[in-house]
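Please read this briefing with the sequence and the structure side by side. The points are grouped by topic.

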Amino acid sequence: MSSTVARSDFGPAVREGNVPRTIAYWGATGLVTIVPLLAAFAYLTSSPEAVENFRHVGYPQQLRVLLGVAKLSGAIVLLLPRLPRLKEWAYAGFTFMWIAATVAHYLAGDKPLFLLPVVLIGALAVSYLTRSSDRRISEAICWRPEPLESGVFRDAF
């Protein structure tokens, strides 16, 4: 038996022998997906706590439903393999959502509670930075401006 893993369902990081990175990724991603899944369930089932929290911070109840759908879809996309472009959107969406939650809770006077979204943004950053190559957009897909012979970028203007 060799020291390399022949087949693994945990992605290239484990196959390449980078187990600490894989543990960091799945730990952070687990936290980043469990919290929105639980919130989505509360939002979409109109739990009294969710309804009251939205009223407390001054958000309309229609936003609760919209965020419930967004959190559910974003968490599912982060857990599924591949789909790199959708993952980028999910990471961005969670970032914007938790920045807005931080501001809303701070302005509503929820002094200790406003730090929870900040912690989640930190976990989201760990998940984003430690994800494996099959969960990233490849270099070939990314747009890069082509330099002209004069050194100026053609698409810059």
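In this predicted model, helices α2 and α6 cross in a left-handed way. Their axes come within 8 Å and cross at roughly 135°. Because angles over 145 degrees are needed for roughly antiparallel, α2 counts as oblique to α6.

**The contact of α2 with α6**
- On the α2 side, the contact is made by R21, A24, Y25, A28, T29, L31, V32 and V35.
- On the α6 side, L120, A123, L124, V126, S127, L129 and T130 take part.
- Sorted by class, this contact has eleven nonpolar, three polar and one charged residues.

**The largest nonpolar core**
- In soluble globular proteins, nonpolar side chains tend to be buried together.
- The largest nonpolar core here has 18 residues, and V32, Y43, L78, F94, W98 and L124 touch the most other members.
- Two or more residues of this core come from each of α2 (19-44), α3 (48-57), α4 (61-79), α5 (84-107) and α6 (115-130).
- Leaving aside residues up to four places away in sequence, W98 touches V32, P36, P117, L120, I121 and L124.

**The loop between α4 and α5**
- R82 is placed in the loop between α4 and α5, and its phi is near 60°, a positive value in a residue other than glycine.
- R82 has a relative accessible area of 56%, so it is exposed.
- L83 lies in the loop between α4 and α5, and its phi is near 50°, also positive in a residue other than glycine.
- L83 counts as partly exposed because its relative accessibility is 34%.

Note on methods: Residues are numbered from 1 along each chain as its sequence is written. This is a predicted model: local features need pLDDT of at least 70, side-chain atom pairs count only at pLDDT 80 or more; totals for chains, interfaces and linings use all residues. Side-chain values use heavy atoms; hydrogens and water are left out. A nonpolar core is a set of buried Ala, Val, Leu, Ile, Met, Phe, Trp, Tyr and Cys residues joined through side-chain atoms within 4.5 Å. Buried means under 20% relative accessible area, exposed over 50%, partly exposed in between (1.4 Å probe, protein chains only). Helices (H or I, at least four residues) and strands (E, at least two) are DSSP runs, numbered from the N terminus. Contact means heavy atoms within 4.5 Å. Axes are lines fitted to C-alpha atoms, for helices over the stretch in contact, and angles run from 0 to 180 degrees between N-to-C directions. Angles under 35 degrees count as roughly parallel, over 145 as roughly antiparallel, 65 to 115 as roughly perpendicular and the rest as oblique. A crossing is left-handed if the near helix is turned anticlockwise from the far one by less than a right angle, and right-handed if clockwise. Ala, Val, Leu, Ile, Met, Phe, Trp, Tyr, Cys and Pro count as nonpolar, Asp, Glu, Lys and Arg as charged, and the others, Gly among them, as polar.
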